[in-house]
Amino acid sequence: MTSRIRKIELWPEGQLKIEWVRHHMPLLNSIEEQFGRELPFKGLKVALSVHLEAKTAYLCKVLAAGGAQMYVTGSNPLSTQDDIAAALVHDGLNVFAWYGATAEEYQEHCREVIKVGPDIIVDDGGDLVNLIHSEYPELLDSVIGGCEETTTGILRLMRMDREGKLRFPMMLVNNADCKHLFDNRYGTGQSVWDGINRTTNLIVAGKTVVVAGYGWCGKGVAMRAKGLGAEVIVTEVDPVKAIEAVMDGFKVMKMRQAAALGDIFVTVTGCDAVICTEDFLRMKDGAICCNAGHFDCEVDVAGLKAMAKEVREARKNITGYLLENGRRIYVLAEGRLVNLAAGDGHPAEIMDMSFAIQALSARYLAEHRDSISRIPGKMVNDVPKEIDNSVARLRLEAWGYEIDDLTPEQRKYLYGD
């Protein structure tokens, strides 16, 4: 099979980026060495759809070191980096992705990695899993299982499983403590503001930031906005999370109220139409909207475009929409993930933990292929606690920290064994 990429000549630049993150990802270093000895994926085909940048590329190389035949695409056309894709092709991996792919090209790239008949799927948002179920049902029985990276993808999987439609086991990587507690909070918190700041070149201090959604990602975004000197407003639909936001020191209100007050809006919900036409009409002149949830539907860009009297590029990755009321609203990265479409994504040290969970979960599937449940309605699986704990201990070890162990007497006191 021939890879489909653009700009193969960029591979040296991509290799430099991959070597940089490799230097800062000691957990994957250790796992790569182990996989190289044990070859847990020997003879297996792995289809992967994750934001195609340097950290993801290193995960691909780690899986390949374990014997996997890698078939790689990106989970978002605007987060794919052509030099990274080229570097992976140069190293012998099969890649189907390029920056700025159309919706049709993106779907075809996903089809290319599914048509090979993968044994294991590594997904971000559920696009590969949904595609194989809808268009390639003849391949379902041969899939050992898959790993899902995101909250949005897990919600899709849970719905499929409840309806008895999910046909192979999936590991809920995002639910692992060493993923969502750090990736979603600290990774998203830092990388979102990296994307916003490098794109706008505007100060955050003194501005009002509206964060839609107060899950782990929203907590991280709000925390960093506060640290940068902003006044933060949180909008929520979950009353418990709203209480958390209040007790963390933030104002809480409906989006309709917040729309008139915000200077910068960040959606972090994974839902649809979080900021819509009625909200745009209430916004200040010059308000900036961006998305850090998942799909490009949280900010209703299509509705904004339809109501605008003028649309123009204000700056790279910033589109300005002039409304009939004379105010201009700006959207970053076309409403796609601002931290990846307008930045380099989460810091390497954060993704080291997340991708360590991914790699070890994929190995778990390969090693337990004959025992893991394939009963309809029972296809979703939590990451085993021993994987979570092993990743946490690797992270502490890399930092040079040591922690206590329970004595036999303490264990008996707590657990009775």
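Modeller: Let's start with the largest nonpolar core, which has 53 residues. A core here is a set of buried Ala, Val, Leu, Ile, Met, Phe, Trp, Tyr and Cys residues joined through side-chain atoms within 4.5 Å, and buried means under 20% relative accessible area, with exposed over 50% and partly exposed in between (1.4 Å probe, protein chains only). Phe-41, Leu-48, Leu-63, Met-70 and Ile-120 have the most contacts inside this core. Its largest share, 11 residues, comes from helix H15 (residues 348-367); helices (H or I, at least four residues) and strands (E, at least two) are DSSP runs, numbered from the N terminus.

Before going on: this is a predicted model, where local features need pLDDT of at least 70 and side-chain atom pairs count only at pLDDT 80 or more, while totals for chains, interfaces and linings use all residues. Residues are numbered from 1 along each chain as its sequence is written, and side-chain values use heavy atoms, with hydrogens and water left out.

Now pick out Ile-120. Not counting residues up to four places away in sequence, Ile-120 touches Phe-41, Leu-44, Lys-45, Val-46, Ala-47, Ile-144, Gly-145, Ala-362, Leu-365 and Ala-366; contact means heavy atoms within 4.5 Å. Apart from this core lies another one, of 29 residues, and its members include Ala-225, Ala-245, Ala-333 and Val-338.

Next come the sheets. Seen strand by strand, 7 of them form an open sheet in the order E3-E2-E1-E4-E5-E6-E15, with parallel pairing. Two strands pair if DSSP finds at least two bridges between them. At the edges sit strand E3 (94-95) and strand E15 (380-382), each pairing on one side only. E15 joins strand E6 (residues 170-172) through 3 parallel bridges, and there Met-170 faces Val-380.

E14 runs parallel to strand E11 (residues 288-291), joined by 2 bridges, with Ile-288 partnered by Tyr-330. With strand E13 (residues 318-322), E14 pairs in the antiparallel sense over 5 bridges, and Thr-319 has Val-331 as its bridge partner. E13 and E14 make a hairpin with 5 residues between them, and Gly-326 in the turn has a positive phi of about 90°.

Setting aside neighbours within four places in sequence, Thr-200 is in contact with Ile-288, Arg-315, Ile-318 and Leu-332. The side chain of Thr-200 also reaches the backbone oxygen of Ile-196 at 2.8 Å. That's a polar contact: a pair of N or O atoms within 3.5 Å, where within protein one must be able to donate a hydrogen and the other to accept it, and residues adjacent in sequence count only if both atoms are side-chain atoms.

Helix H8 (residues 177-200) also holds Phe-182 and Tyr-186, which sit about one helical turn from each other because they are 4 residues apart. Phe-182 is partly exposed at 27% relative accessible area, and Tyr-186 is partly exposed too, at 30%. Tyr-214 and Phe-250 form an edge-to-face pair, 6.1 Å centre to centre with 70° between the planes. Rings of Phe, Tyr and Trp (its six-membered ring) pair if their centres lie within 6.5 Å; planes under 30 degrees apart count as stacked, over 60 as edge-to-face and the rest as tilted. Tyr-214 lies in the loop between strand E7 (208-212) and helix H9 (216-227), and Phe-250 in the loop between helix H10 (239-247) and strand E9 (251-252), so this pair ties together parts that are 36 residues apart in sequence. Both Tyr-214 and Phe-250 are buried.

For contrast, let's end with helix H17 (residues 408-415). H17 is hardly covered: the count of buried residues among its 8 residues is 0. Just after H17, Gly-416 takes a positive phi of about 75°.
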